[in-house]
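Have the viewer open as you read.

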Amino acid sequence: MNRISLIQNLINEREYSVYLEIGTYKGVSFLPIKCATKIAVDPKIKISLLKKLKLHFSKEKNTKNFYFEMTSDSFFQKRKKFLEKIGKLDIVLVDGLHTFEASLKDVLNSLKHLDDNGVIIMHDCFPPHQAAATPASSGAEAKKMGVEGWTGTWCGDVWKTIVYLRKKYPDSLEAQVLNTDFGLGVINPLRKCKDLKLDINQDLFQEVNALEYEYLISNNGKAIGLKEVS
């Protein structure tokens with residue numbers, strides 16, 4: 001199972017109709033996923049016009065696809081009227097900037113618009129080794145650091161967002177990670193999203209930000225609620 005099959009299964013089983021993807025880029029996951037309304041957000045969307053037209057004129061009836069070439073922060077700040085018109089989000093993929101701070105903001109902003117029965121999926125929540133978990137603004141920056149054990153695989157430190165959510169919202173959110181596709185975070189609300197206090201607790205943020213890779217892998221991934229797909 002990878003993020004595409006997981007998302008499609010959830011859309012089919014729960015009859016979701018609105019899908020938001022943060023970090024679309026070339027559309028590797030966005031294009032194959034089938035949903036009535038799909039929203040792509042990325043500062044640089046590299047999906048060709050031909051592919052967009054093929055998607056638009058595909059056999060899928062009554063589907064709508066929207067593309068926003070901007071940062072996720074700008075999207076949530078400047079496209080509030082669009083989000084109000086679309087209605088609640090059913091399912092969100094957070095796969096944008098691979099930093100703790102950016103991924104946390106993406107999740108919290110998504111929760112503000114998520115249906116109470118919706119779900120958020122995060123990619124790269126269980127890096128395979130310490131080099132892949134190097135905190136950096138990009139894979140290129142991480143590579144330049146010359147970290148020991150570098151293989152070209154990079155997930156960043158988005159796993160800390162799962163830790164943060166589990167610590168701050170133990171009774172309000174179910175946050176866990178499936179051990180597949182570099183770790184798929186699955187976040188389900190346990191109460192109405194509008195009742196959640198979605199401000200960032202700076203003390204907790206600093207506490208989690210200081211955690212090292214050893215903390216992640218200790219106790220078989222207990223800190224992120226690691227579960228096998230089976």
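Predicted model: local features only at pLDDT ≥ 70, side-chain atom pairs only at ≥ 80, totals over all residues.

The crossing of H7 and H8 is right-handed. The residues of this contact split into five nonpolar, four charged and one polar.

On the H7 side (residues 159-168), the contact is made by Lys-160, Val-163, Tyr-164, Lys-167 and Lys-168. Their partners in H8 are Leu-204, Phe-205, Glu-207, Val-208 and Asn-209. H8 itself covers residues 202-209, and the two axes sit 10 Å apart at an angle of about 135°. H7 is therefore oblique to H8.

## The nonpolar cores

Which residues touch the most other members of the largest nonpolar core? In this set of 48 residues, they are Leu-20, Ile-39, Phe-75, Leu-111, Tyr-164, Leu-165 and Ile-187. Tyr-164 is also one of the H7 residues that meet H8.

## A look at Tyr-213

Tyr-213 belongs to helix H9, which spans residues 213-217. Is Tyr-213 buried or exposed? Its relative accessibility is 12%, so Tyr-213 counts as buried.

Beyond its neighbours within four places in sequence, Tyr-213 is in contact with Pro-127, Pro-128, His-129, Gln-130, Ala-133 and Trp-159. Gly-27, by contrast, lies 186 residues from Tyr-213 in sequence and 30 Å from it in space, C-alpha to C-alpha.

Methods. Residues numbered from 1 in each chain as written. Heavy atoms only, no water. Axes fitted to C-alpha atoms, helices over the stretch in contact; angles between N-to-C directions. Helix = DSSP H or I, 4+ residues; strand = E, 2+ residues; numbered from the N terminus. Parallel < 35°, antiparallel > 145°, perpendicular 65-115°, else oblique. Left-handed = near helix turned anticlockwise from the far one by under 90°. Contact = heavy atoms within 4.5 Å. Nonpolar A, V, L, I, M, F, W, Y, C, P; charged D, E, K, R; others polar. Core = buried A, V, L, I, M, F, W, Y, C linked by side-chain atoms within 4.5 Å. Buried < 20%, exposed > 50% of the residue type's maximum accessible area, 1.4 Å probe, protein only.
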